[in-house]
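Let's take a friendly walk through this model, one region at a time. Have the viewer open and follow along.

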Amino acid sequence: MKIYSDPRLLSLGIVHGTTAREAGNMRLAENTQALFSSLNIPEENILRFKQTHSDRLICVSSAEQARQIRQNAVEEADGWILSGLRGFGAAILTADCVPLLVWDEKANVVGLSHCGWRGVAAQLPQKTAQAVRQCGGKGRLCAWAGPHIQSCCFEVQQDVAAQFPGCVLHKNGKMYVDLNKEIARQLTAARLNMQDIRFPYYCTCGDRANFFSYRRDHTKDAMLTFIYRP
Ligand SMILES: [Zn+2]
């Protein structure tokens, strides 16, 4: 099964990545079950929330807290910070929005946030990095973004363009936003080094063979980005 992931995180033993279209619509339980069982991840230990395009982050720092979150009704939020947890993970759905991972040197603290343009405008990438530090992240932080809509396809109108000064491209009388540029700006403002920020160029909207895209297809089909620390 094709999974997009970051070699730096893999080398730290963190199971993670973003699924491709071939894994199916990850809103369906049968598809998430197939994914997690193929990776030997206990799905009952994967934290999920109801995504609302907010800037709310939930920091989880004990197994007991993680179990409580699993037992209770799904909370509304757009980012997880997992601090010092083993045997637990988290997952988010995307279909153009940016799945952003931020972690500290030893991946003792990992953040996973769902950054649509509203979340980016609300500074969610910067808040994710700051929360990784506040929840115990030490030393250099690293970041990676899974497949999302790129500036080749992210055409916007003036109302959205106005929220991303310095990140708008003009082409044939149309406007496109470069979310990567704005996210990198926020992460460097949170004291990450440019060379520790990696955004592989996969465009969900432009690559129909590999990705679902809400903007292209207007369906609710979605990919899953997950992180799990054994
Ligand atoms: Zn594109």
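Two strands count as paired if DSSP finds at least two bridges between them. Keep that in mind while looking at this predicted model, starting with strand E6, residues 88-94.

Which strands does E6 pair with? On the parallel side of the story, strand E3 (residues 46-47) pairs with E6 over 2 bridges, and isoleucine 46 has glycine 89 of E6 as its bridge partner. Strand E14 (residues 223-229) runs antiparallel to E6, and 7 bridges join them.

Now for the side chains. In a regular strand they alternate between the two faces of the sheet. In E6, Phe88, Ala90, Ile92 and Thr94 point one way, while Gly89, Ala91 and Leu93 point the other way. Are these residues buried or exposed? All are buried, and E6 is accordingly described as mostly covered, with 7 of its 7 residues buried.

Next, please move to the zinc ion. Its protein donors are the SG atoms of Cys152, Cys153 and Cys203, at 2.2 to 2.3 Å from the ion. Along the chain, these donors follow the spacing C-C-x49-C. Cysteine 152 and cysteine 203 link distant parts of the chain, being 51 residues apart. Cysteine 152 sits in the loop between strand E9 (141-145) and strand E10 (155-156), whereas cysteine 203 sits in the loop between strand E13 (197-198) and helix H8 (214-217).

How do these two cysteines compare in accessibility? Cysteine 152 counts as partly exposed because its relative accessibility is 34%. Cysteine 203 has 8% relative accessibility, so it counts as buried.

Conventions: Residues are numbered from 1 along each chain as its sequence is written. This is a predicted model: local features need pLDDT of at least 70, side-chain atom pairs count only at pLDDT 80 or more; totals for chains, interfaces and linings use all residues. Side-chain values use heavy atoms; hydrogens and water are left out. Donors are N, O and S atoms within 2.8 Å of the metal (3.2 Å for Na, K and Ca); water is not among the atoms, so sites may look incomplete. Helices (H or I, at least four residues) and strands (E, at least two) are DSSP runs, numbered from the N terminus. Buried means under 20% relative accessible area, exposed over 50%, partly exposed in between (1.4 Å probe, protein chains only).
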